[in-house]
Amino acid sequence: MSRPDLSFLLRKDDPLDLHTLMGPGIDEMQELPSRPWSLEPVVPVADDPLDTLVAELRNYQHELEIQNKVLDYSQAVAESASERFEALFASIPLPLLVLDEHDMVIQANAMAHNAFQPTERDRLLVSFMPLVCESHADRVCNAFIAARERGGSEVHEVVFIVNDDVHLCGDLHIACIEIPQKKGPPIAQFLCAVVDQGPLLAERLALQERNKQLFASERRLESVINSSLDAILCVDNAQRITVFNPTAAALFTCASEDALGSPLERFLPDAAQALAFASLTTQAVLGEMTACTASGKQLAVEVSVAFVQHGGGETTTTVFARDLTSRKKAEAHRSELEAQLRESHKMQAVGTMAGGIAHDFNNIVGAILGNVELARTDCPESSQVLESLLEIEKAGRRARDLVRQILTFSRNEPPTRCAVPAAEVIFDTERLLRVTLPPAIALHSHIAPQLPALLGDATQVEQALFNLTTNAVHAIGDARGMIQVTANLALPDQRLSDRLGLPLASYVALSVQDNGPGMDAATVQRIFEPFFTTKPVGQGTGLGLAVVHGVMRTHGGAVDVVSTPGEGSRFTLYFPVAGSSVPVLATPAPRRPALNTGPVDGAPSRHVMYVDDDQALVFLVQRLLRRRGYEVSGFTDPREALVALQTQPQRYDLLVTDYNMPGFSGVDLVHAAIALRPELPVALASGYVTAEIEKAALAAGARALIHKPNDVEELCTTVDQLLNTPARN
């Protein structure tokens, strides 16, 4: 009986000392011929058959003992492996299940029970497929088939329904184990491991959501950068441009493709030097700087920077540049408007002052002219005093004209305007100017054909134009020069309209241009100030251009001046165009010659009441009218005059009263006189007659308005007309 070869079961570290029980094999004996535990078989000592049989039995018994030892070792090894498998099966932190071919759970670890049977009310863990969601059942079945064929398979993101409230999502890993049978084919069992993907899926979903939010944030940031009204540039550590938004492309006139990668100093040389302070702060306002466009043009910008520090020492710098061109234009325009407003306030203040002093000044001038007239009457023709009286009268008339200019400047009410042909105004001005025009100065005029009429007061328009031409003559002086007067239809642009304060419309432009010495900018800013003049003392009042400014303001127009030193000046008056419904200027009726005599001989003397708060003027009027045969009662107190009227209302044939008197208005006196005697002729005198005053006087019953100061003949003519003309309704 031969011995089986069981040497493959022996290890070098023989824990069961099997080498002492079984003899070495041929190979081992060759390798280890001197092993101490090798045993020799029992050899019979003789050829006795019984001894031989006993020896063989002993040898067979010895082999059986060795085989028993080997079987005991194999059993111990198998039990040890089973214990290790059970320990590993139970301690792996994953749900593990062993299934048979019929989906019956043979074995499940604690993690599987905790995962698929968390409470006692849940279903028993006896089968596996009922736990799989119906929508994933086909994938799981196909995975078991694949595991049977290939030995293993896996399915990702399988949903297991534990109960109504608990669902488990995980990856299923399947390994097929075939167990051989003594009879029949081997039995297949499946080792299933479920890797819970819930936390990973939640983390992945959270990561996807964060990525989605990050992408949306990037899109929003990109939208903000692209739609920003400021130029935005991002630069790296090397100050190379990495972001260049559309506003920057428009501001620096450079496409984004051309700007990316360029150094920052290409567009903002001053800002590039400030980036050295990136390590000291996170943001900084650099203020106003000079930027350069791609074409080399310089422009003013306001710059601020922000620094973001990254890991590894990298820094991202964002530069914000705001174009200051529009702001500077707006500031310049605002300064210009503020200067115009201050000038307007100054004009208004001076106008108010002029209107306030006009009353007293008119009385003084009227007294001077009246007394000069009386003195001339009393003076013989051959007297030397007459020459002095004529000079006094000339100075008085000049003072009267000056007062009228002051009043024109101070009047803020709109004048009575009508359609005035520009040609007539220019021709009248030219006729008046040529009388005193020096022979070295040429005067030319040009009127555009089919020019519409302007809307204005003919007298004031002529006065404004005459003042401009007179100033041009004075500016040229004794030198040879030329004055050009033109009239055309103009449409100012938006900038000129804003500067002059005119609405966008068509205007009749009257222009006076000379080739005199011109003016500098400082003089141009002050030429419309009252009493400002560049002429020597005694040669200018400083009111000519101020009156022009006042006339244009009351007409709803404007005056523009352009002057260059050494090249001359050009003044342009912009008058509104008269519409078709505006009345045309009527030709004035010829003035009635003044009456030099008083009442007709034999007629009863007429009694005139004259009321004025100025004693000198009352005395003058009394002397003038008495010389012409009138009886005159003068009063400086309107209350005393009213008492006299109440005492003897039939005694007086005419009442002439001043408008502005301390504590009492001339209109009130007119009301009281008409109430006492409705048929009494009444005249109202004032040096500052406005539309409101005229309306109030006529409503009170006054038949005439007398503008002070006036000529003696004019006053006497008015008195005679009122006394000899019957009243009309």
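User: How many bridges join strand 1 to strand 2, and in which sense do they run?
Analyst: There are 3 bridges between strand 1 and strand 2, and the two run antiparallel. Two strands count as paired if DSSP finds at least two bridges between them. Strands (E, at least two residues) and helices (H or I, at least four) are DSSP runs, numbered from the N terminus.

User: What should I know about the model first?
Analyst: This is a predicted model, in which local features need pLDDT of at least 70 and side-chain atom pairs count only at pLDDT 80 or more, while totals for chains, interfaces and linings use all residues. Residues are numbered from 1 along each chain as its sequence is written, and side-chain values use heavy atoms, with hydrogens and water left out.

User: Back to strand 2. What is the bridge partner of Leu-97 there?
Analyst: Ala-108 is the bridge partner of Leu-97 in strand 2.

User: Which residue takes a positive phi in that hairpin?
Analyst: Asp-103 does, near 65 degrees. The hairpin of strand 1 and strand 2 has 5 residues between the strands.

User: And strand 5, how does strand 1 pair with it?
Analyst: Strand 1 and strand 5 (residues 187–196) pair in the antiparallel sense over 4 bridges. Leu-99 stands opposite Phe-190 of strand 5.

User: Which way do the strand 1 side chains point, and are they buried or exposed?
Analyst: Leu-96 and Val-98 point one way, Leu-97 and Leu-99 the other way, and all are buried. Buried means under 20% relative accessible area, exposed means over 50%, and partly exposed is in between (1.4 Å probe, protein chains only).

User: Where is Met-104?
Analyst: Met-104 sits in the loop between strand 1 (96–99) and strand 2 (105–108). Its relative accessibility is 39%, so Met-104 counts as partly exposed.

User: Different topic. What is the strand order in the open sheet of 5 strands?
Analyst: The order is 7-6-10-9-8, with antiparallel pairing. Strand 7 (241–244) and strand 8 (283–292) each have a single partner strand, so one side of each lacks a neighbour in the sheet. The twist averages 25 degrees from one strand to the next. Axes here are lines fitted to C-alpha atoms, for helices over the stretch in contact, and angles run from 0 to 180 degrees between N-to-C directions.

User: What joins strand 6 to strand 7?
Analyst: Strand 6 (residues 231–235) is joined to strand 7 by 3 bridges, and they run antiparallel. Leu-233 has Phe-244 in strand 7 as its bridge partner.

User: How many salt bridges are in the whole structure?
Analyst: The search finds 10. A salt bridge is a side-chain nitrogen of Lys or Arg within 4 Å of a carboxyl oxygen of Asp or Glu. One of them pairs Arg-327 with Glu-302 (3.4 Å, N to O). That pair links distant parts of the chain, helix 9 (residues 325–378) for Arg-327 and strand 9 (residues 298–309) for Glu-302, 25 residues apart.

User: How does Asp-560 pair with Arg-499?
Analyst: They form a salt bridge, with the closest N and O atoms 3.2 Å apart. Asp-560 is in strand 16 (residues 558–564) and Arg-499 in helix 13 (residues 494–500), 61 residues apart. Asp-560 has 8% relative accessibility, so it counts as buried, whereas Arg-499 at 29% counts as partly exposed.

User: Last one. What does the UniProt annotation say about Asp-658?
Analyst: The unreviewed UniProt entry annotates Asp-658 as "modified residue: 4-aspartylphosphate". UniProt positions are given in the numbering used here, feature names are shortened, and annotations may be inferred rather than shown by experiment. In the model, Asp-658 is found in strand 20 (residues 654–658) and counts as buried because its relative accessibility is 1%.
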